[in-house]
Amino acid sequence: MSLAFIDLAAQQARLRPALDRAIAGVLDQGRYIMGPQVAELEKQLAAFCGAKHCISCANGTDALQLALMALGIKAGDAVFVPSFTFAATAEVVPFLNATPVFVDCLPDTFNMDPESLKRAIVHARSLGLNPACVIPVDLFGLAADYDALIAIARENGLKVIGDSAQGFGADYKGKITGSICDITTTSFFPAKPLGCYGDGGALFTDDDQIKALIDSFRVHGKGSHKYQNERVGMNSRLDTLQAAILIEKLAIYAEEIEARQVVAARYTAGLSNRIETPYIPDGLKSVWAQYTLKAASEADRETIRARAKDAGVPTEVYYPLPLHRQNAYKAFPSDPKGLTVSEDLSQRVFSLPMHPYLGQEAQDQVLAAIIG
């Protein structure tokens, strides 16, 4: 039996009656843009994570750009981003004529390395850049080391945007991602732990002024009404249909997070004596967007992946090439000590099937395929 890497069909089967009702409700109302379900979703998302404000938008990449716009990031500013992550975190920075500066990650959590951030800030200043913002990523569903990173940011006058596209709902020492940084962003891409059936995103903040700016920027820089433009904005509204779908998914999201813990725990119990399994620091809980292993070498990784494929178990590599080595980004500055951890991880990590509906029989199939 060939397994699904992420089984969205199983979740849909569970929710289908509620989803059909929610979609029919939007069709009956006919308010396809910024309908009442959008405001209701924003209210529920803010309550879920403990943030004062949630502002939805069209996708997770727009969420990052809107956050930078609300903070006034501009030419001459340095924005510090991890190299070992998806391109969206970095690509929004040049859109605003600012400079991304790449930071290395930790070898155990795969998240931003605080010491590398310190070196990158010094290096940016030496280049004549103004250190303005840092964007830690909650990679694979695990919150970044916010205590250390926020302390460094405050010491250097930086704002902090938490990129929780993969980690919304993760627990960081009693706080939920979305309520930790100056601004947090997330994505509702279908494969994310909380995903819609298209594109979608959101931002979270406790700052009233930032909330008002984001609300304006996402609708063409609107003022008191949509034909009054106070600033140059963009078109980044969440569709009402997607909001209605997300309301139904959010209702079971906490339960799904717990189901992911069960799968991850069984993977770890079955594999930890054979291969390096994910490290979760004390006081943290991942939402397990991905369950990512670290092979001994690139050759070992490919041997295991080939064996898994033959056994009907799909695997994926996130990410095969760090951003600082990509053609689009290799001219931008980075930690002067190098990004050796990011380069090493890109050659050794691979991810297993992970979703809340992965039963024990399927888990056994995965374990057998990896153990060999």
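Predicted model: local features only at pLDDT ≥ 70, side-chain atom pairs only at ≥ 80, totals over all residues.
View 1. Helix α4, made of residues 88–95, lies across β2, β3 and β5 (159–163), and its direction is at about 155° to that of β3.

**View 2. Seven strands make up an open sheet with mixed pairing.** Strands of a sheet pair through backbone hydrogen bonds, either parallel or antiparallel. Read across the sheet, the order of the strands is β1-β9-β8-β5-β4-β2-β3, and the edge strands, each of which pairs on one side only, are β1 (53–57) and β3 (99–103). From one strand to the next, the twist averages 30°.

**View 3. Strand β9 is paired with β1 and with β8.** The pairing of β1 with β9 is antiparallel and extends over five bridges, with Cys57 standing opposite Gly201 in β9. Strand β8 (residues 183–187) also pairs with β9 in the antiparallel sense, over four bridges, and the bridge partner of Thr186 in β9 is Ala202. Because five of the five residues of β9 are buried, this strand is largely enclosed by the rest of the structure. Gly201, Leu203 and Thr205 point one way from β9, whereas Ala202 and Phe204 point the other way, and all are buried.

**View 4. Leu203 belongs to the largest nonpolar core.** This core has 33 residues, of which Leu68, Ile73, Val79, Ile135, Ile161 and Leu203 touch the most other members. At least two residues each come from β1, α3 (60–70), β2, α4, β4 (130–134) and α7 (208–217), and α3 gives the most, with seven residues. When neighbours within four places in sequence are left aside, the contacts of Leu203 include His53, Cys54, Ile55 and Cys57, and also Ala63, Leu66, Ala67 and Ile214. A second, separate core of 25 residues includes Phe80, Ala120, Leu149 and Ile152.

**View 5. Three strands form an open antiparallel sheet.** The strands follow the order β7-β6-β10, and the edge strands are β7 (175–176) and β10 (284–285), each pairing on one side only. Strand β6 (residues 171–172) is joined to β10 by two bridges, and the two run antiparallel; here Asp171 stands opposite Lys285 in β10.

**View 6. Helix α8 is mostly covered.** In this helix, which spans residues 240–250, nine of the eleven residues are buried, among them Ala243, Ala244, Ile245, Leu246 and Ile247, as well as Thr240 and Lys249. The buried residues of α8 pack against α1 (8–29), α2 and α9.

**View 7. Helices α9 and α12 cross at roughly 30°.** Two packed helices are described by the angle between their axes and the distance between the axes. The axes of α9 (residues 253–271) and α12 (residues 360–371) come within 10 Å, and α9 passes α12 in a right-handed crossing. On the α9 side, Val263, Arg266, Tyr267, Gly270 and Leu271 take part, and these meet Gln360, Gln363, Asp364, Val366, Leu367, Ile370 and Ile371 in α12. The residues of this contact divide into seven nonpolar, three polar and two charged.

Definitions and conventions. Residues numbered from 1 in each chain as written. Heavy atoms only, no water. Axes fitted to C-alpha atoms, helices over the stretch in contact; angles between N-to-C directions. Left-handed = near helix turned anticlockwise from the far one by under 90°. Contact = heavy atoms within 4.5 Å. Nonpolar A, V, L, I, M, F, W, Y, C, P; charged D, E, K, R; others polar. Pairing = 2+ DSSP bridges. Core = buried A, V, L, I, M, F, W, Y, C linked by side-chain atoms within 4.5 Å. Buried < 20%, exposed > 50% of the residue type's maximum accessible area, 1.4 Å probe, protein only.
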